[in-house]
Amino acid sequence: MLARVAESLYWIGRNLERAEHCSRFLKVQYFSTLDSPMLSNRDFTLRSIMFMAGTNYQVQGELHEKDMWKNVIFDINNPNTIFSIIKNARENARSIRNSLSMEIWESINKLYLLCSSYEEYKFSSGALFKFSEEMKSNISVIKSNVTNTILQDDIYHFITMGIFVERSMQVLRIVRNKISDWVILSNDGENKALVSYQWTILLKSLEAFDIYNTLHPGKKSRETIFKLVFTNPLFPRSVDYSLSHLQKSIAAISVRPEGYDLLIKNLTDEMNAISLFDGFDDEDLVVQHVNENYERIAKIHNDLHNIYFK
Amino acid sequence: MNSILENYEVKDNTFDEVIMELKKKNSYYHGVMDKFSEMEKNEFKSLNEAAKLSFLNQGVTYALYTKEKSEEQIFPFDLVPRIINHDEWEVLERGVIQRNTALNMFIHDVYNDGKILKDKVVPAELIKSSVHYCKSMEGFSPPKNIYCHISGTDLIRHSDGNYYILEDNLRSPSGVSYVLINRQAMTRVIPKIFNNTPVEAVSDYCEELLKALWGVANKPLGEIFCALLTPGAYNSAYFEHTYLAQKMGIELVEGRDLFVENDKVYLKTIGKKIQVDVLYRRIDDAYLDPEVFKADSMLGVPGLMRAYLKGNITIVNAPGTGISDDKAVCAFVPDMIKYYLDEEPILNNVPTYICEKPEELKYVLENIEKLVVKPVDLSGGYGVCICDQMSKAELDVLKEKIKANPREFIAQPKMMLSTHSTFIEESEQFEARHIDLRTFTLMGGDKPFVLKGGLTRTALTKGSLIVNSSQGGGSKDTWVIKE
């Protein structure tokens with residue numbers, strides 16, 4: 001397989017996963033302002049969404065929803081907006097479309113056309129739920145096509161590598177974001193219900209709310225939430241699950257270039273760091289843990305680049 | 001008259017293929033037009049929309065360049081097929097094979113013995129002054145002496161009902177993917193239209209193209225590695241590059257994916273390097289190899305020509321074929337056919353005046369308002385001047401341009417392209433629009449292959465003779481009737 005093709009496949013996976021997380025977080029966080037103890041904290045919520053989207057925003061002054069739609073969804077000049085991410089995924093696919101099945105290409109192209117059909121100046125909160133649901137269902141179709149319409153060979157595994165690298169990083173970003181919100185609200189002396197509601201948003205952002213309630217009915221603690229999100233090997237959006245599937249994808253690639261052994265060692269170290277961590281009751285330690293893991297996963301991304309794509 | 005053609009207007013002195021055929025009792029157009037007549041207007045419109053949506057979802061688009069920006073557009077597709085009878089096609093097929101056989105012999109002769117130039121059948125200065133003349137090819141013979149493995153021959157049907165060759169496309173002719181996609185769209189959207197009409201298939205093209213590539217490799221079958229070299233996703237024909245590579249099951253590569261080592265060309269892969277034996281390039285000569293051509297080319301592969309001239313890779317089409325692609329040289333093809341094959345040309349050329357010849361230049365300048373003037377080395381309809389539609393001031397400017405650089409221009413009498421019934425969205429009517437035909441010939445396999453159908457391009461503006469997609473033209477499915 002061409003190194004360029006491998007890199008594009010990997011970025012298709014990353015961009016799709018990133019778009020899915022961004023749109024889901026946007027929906028969950030935005031609607032949390034409507035049905036929660038956060039009713040009076042709309043501005044705080046908008047800032048949180050923009051922070052999560054990695055976009056610059058004016059700290060001073062009132063935030064308007066229009067600014068958010070632009071900075072999180074539409075602005076094509078900002079690489080972090082959902083439109084830019086989808087456009088990049090489509091460009092990745094377009095540049096290697098002969099390596100993809102027609103079904104994968106068409107479903108990615110359809111998602112791009114769907115995004116293009118939304119117009120910034122007409123967009124409002126009334127369209128957000130539909131937009132988010134359409135993103136989710138279209139990305140699900142693409143992922144289903146990835147699973148079902150190509151051989152599960154190198155092409156498949158480079159895409160899944162991208163998915164799992166991005167998933168682990170996005171989960172860590174959401175955790176970091178929610179800890180940050182929690183700290184801000186705690187320092188501001190906000191009511192306890194609002195502060196603890198941040199953990200509900202964290203679970204909902206990962207579509208883990210029902211899973212958590214099944215595991216811990218009637219009880220909610222930061223420690224058990226973190227354990228689910230970081231270390232539960234059966235939860236598909238846990239960091240542990242993502243990294244172990246990343247490892248499987250790397251191991252399944254048909255070639256073992258120079259640097260492969262070191263990559264696997266680094267990844268194993270990272271997985272050990274995740275599973276052995278025991279400081280979930282201390283938010284400072286958790287923040288440190290998140291940051292260290294984020295950096296190590298970024299390093300794994302660099303290793304993948306140097307070993308396979310260069 | 002068929003009901004959908006009740007208000008159908010055909011200009012005087014124009015050959016309308018549908019109307020002429022409907023005069024024949026046994027024409028297959030009767031069945032096709034009857035099927036369209038049975039449809040409600042809204043049904044037809046929704047089929048038309050379905051076809052467009054199918055193209056859009058598949059990403060069957062081309063990039064349209066303007067000064068300001070590049071936009072992706074759907075190549076407009078018309079649902080009314082063009083039908084070519086078996087007997088007519090048989091002549092066309094023999095004609096384009098004859099023509100491309102002579103052209104290959106000509107290119108080999110020019111870069112080797114130069115007999116045709118010494119015998120003054122074709123003026124040597126016309127060839128040597130061509131911007132497409134490739135000095136590196138002198139003394140080199142590619143496998144099987146084939147230079148143009150893939151040729152696109154543009155034909156028009158004049159008022160007299162006869163086909164004429166308008167020009168040859170021998171560098172990287174494009175458009176074949178639209179032939180295949182158009183057929184797919186027709187079969188998906190209106191399958192019943194095929195009932196009772198024995199249409200030749202076009203689906204064998206990619207298989208035949210792969211055989212042509214294998215046929216010119218320097219390795220035994222089974223060990224041959226082929227790749228298609230594209231300039232990248234922003235090229236106007238990128239859809240076609242991906243489509244052909246995928247259908248043939250060969251690697252689609254960009255220049256940056258290849259490197260040359262010990263005069264052999266390799267792929268940069270995630271593992272071991274892989275040697276490329278046949279490179280179907282879809283980039284111009286000028287960008288192929290910065291060591292030989294444009295030094296600042298980012299699209300090509302440094303050292304590619306070294307590998308080629310050592311016989312370690314076959315480039316398809318060969319570098320330097322542009323000498324016969326030159327519109328001034330096109331005028332000499334009938335002479336080439338007589339010279340090399342000792343045969344009369346089966347297909348006639350559109351008469352061409354070569355402005356470099358003083359007596360022909362004089363005629364062109366004196367009769368310019370009756371002519372169509374074309375730059376010799378541009379394609380896509382760019383630079384074409386239909387002089388009877390130009391003001392005197394514009395004509396004066398054009399004359400000065402020709403006088404300043406006569407080698408760069410040819411002129412042809414205004415040939416009336418045939419028309420064909422075409423659904424026009426604005427008027428929601430079937431109207432007559434001018435069409436041409438690009439045939440695709442493959443050489444390199446066991447025997448020459450001509451795709452049965454080719455690309456019918458249609459001008460969508462009323463009265464326009466410019467059918468190129470870059471100038472707003474569309475296309476339609478082309479049916480060749482089985483014997």
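Modeller: A residue counts as buried when its relative accessible area is under 20%, as exposed when it is over 50%, and as partly exposed in between. Keep in mind that this is a predicted model.

Now hop over to chain B. There, Lys52(B) and Glu425(B) make a salt bridge, with their closest N and O atoms 3.1 Å apart. Lys52(B) sits in helix H3, while Glu425(B) is in the loop between strands S18 and S19, so the pair ties together parts that are 373 residues apart in sequence. Both ends are partly open: Lys52(B) is partly exposed at 28%, and Glu425(B) is partly exposed at 37%.

Another pair in chain B is Asp436(B) with Arg457(B), whose closest N and O atoms are 2.8 Å apart. Asp436(B) belongs to strand S19 and Arg457(B) to strand S21, 21 residues apart. Here Asp436(B) is buried, at 2%, and Arg457(B) is buried as well, at 9%.

Back in chain A, some charged side chains join up in a salt-bridge network, including Glu17(A), Arg24(A), Lys136(A) and Arg237(A). Over all chains, the count comes to 56 salt bridges. As for the charges in chain B, there are 57 positive and 70 negative side chains, and the centres of the two sets lie 2 Å apart.

Terms used:
Residues are numbered from 1 along each chain as its sequence is written. Chains are lettered from A and ligands numbered from 1 in the order in which they are written. This is a predicted model: local features need pLDDT of at least 70, side-chain atom pairs count only at pLDDT 80 or more; totals for chains, interfaces and linings use all residues. Side-chain values use heavy atoms; hydrogens and water are left out. Lys and Arg count as positive and Asp and Glu as negative; His and the chain ends are not counted. The place of a charge is taken as NZ of Lys, CZ of Arg, CG of Asp or CD of Glu. A salt bridge is a side-chain nitrogen of Lys or Arg within 4 Å of a carboxyl oxygen of Asp or Glu. Helices (H or I, at least four residues) and strands (E, at least two) are DSSP runs, numbered from the N terminus. Buried means under 20% relative accessible area, exposed over 50%, partly exposed in between (1.4 Å probe, protein chains only).
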